[in-house]
Amino acid sequence: MPSVAFESQVAPQSAQEPPVWPQSVVTLVGNPRAGSRTAAAAASVAELLASELGTPYRIDELIDLVTIAPAIFQGEQAGAEAQAALESAVDLVSSASVIVVATPVYKGSYTGLLKSFLDVLRPSALAGSVVVPVTVSAAPSHKLLADQHIRPVLAELGASVPVPGVILEERDLEDLQVVLSGWIRDNAGIVQATTIALQPVPEPTPAR
């Protein structure tokens, strides 16, 4: 695991044009299996949320962490190409206004792959971001995972988590659109309002 956190290469907000809503929804998947049902569920959440918010959904803004696992765990030993992919993922997440963070439940917690990526981020890397946790488990006994384990780590990184997580059981994946419709209806407005509230306020133009 890298011992030093990556600094985002994205310019500070003060050096950019003021952010304009709507913006796209970035998706972060912590399942150690490529092409997982967790990734498919996360993509569905992000796409439905983006549609409700009137913002673009881009499949190239889905980060499946298993594809950059060598760089996450091996650091500089993983090679330049792997390092570049990791840095690109760090930049994308660090500059996002809305992030869907998805993980299966492993041993009563979220995956080591997701935790290791979050450890790579610099302090306060998610400040100004609204994060929606998504968990997929085999049993209802894990429904508190998002609040008990994921939310504190996201808060430590500066993220705002204003809505309940999307808590899915494996059986829910069979009719996911129906399961998600209620969550989207109840929470999309809160996500949008919080994201707008977190946008930096442009400094007033000095009077001449």
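Q: Why is helix 6 said to have a kink, and where is the kink centred?
A: Helix 6 (residues 176-198) bends by about 45 degrees, centred on N187. The bend at a residue is the angle between axes fitted to the seven residues ending there and the seven starting there. This is a predicted model, in which local features need pLDDT of at least 70 and side-chain atom pairs count only at pLDDT 80 or more, while totals for chains, interfaces and linings use all residues. Residues are numbered from 1 along each chain as its sequence is written, and side-chain values use heavy atoms, with hydrogens and water left out.

Q: What makes a residue of helix 6 buried, and which residues are buried?
A: Buried means under 20% relative accessible area (1.4 Å probe, protein chains only). The residues of helix 6 that are buried include W183, I184, N187 and V191. N187 is therefore under 20% relative accessible area, and the kink is centred on N187.

Q: What covers the buried residues of helix 6?
A: The cover includes helix 1 (37-53), strand 3 (98-104), strand 4 (130-137) and strand 5 (166-169).

Q: Why are strand 1 and strand 2 called paired?
A: Two strands pair if DSSP finds at least two bridges between them. Strand 1 (residues 25-29) and strand 2 have three bridges in the parallel sense, and therefore count as paired. The bridge partner of L28 is I63, in strand 2.

Q: What makes strand 2 and strand 5 edge strands?
A: Five strands form an open sheet in the order 2-1-3-4-5, with parallel pairing. Strand 2 (62-64) and strand 5 each pair on one side only.

Conventions. Helices (H or I, at least four residues) and strands (E, at least two) are DSSP runs, numbered from the N terminus. Buried means under 20% relative accessible area, exposed over 50%, partly exposed in between (1.4 Å probe, protein chains only). Contact means heavy atoms within 4.5 Å.
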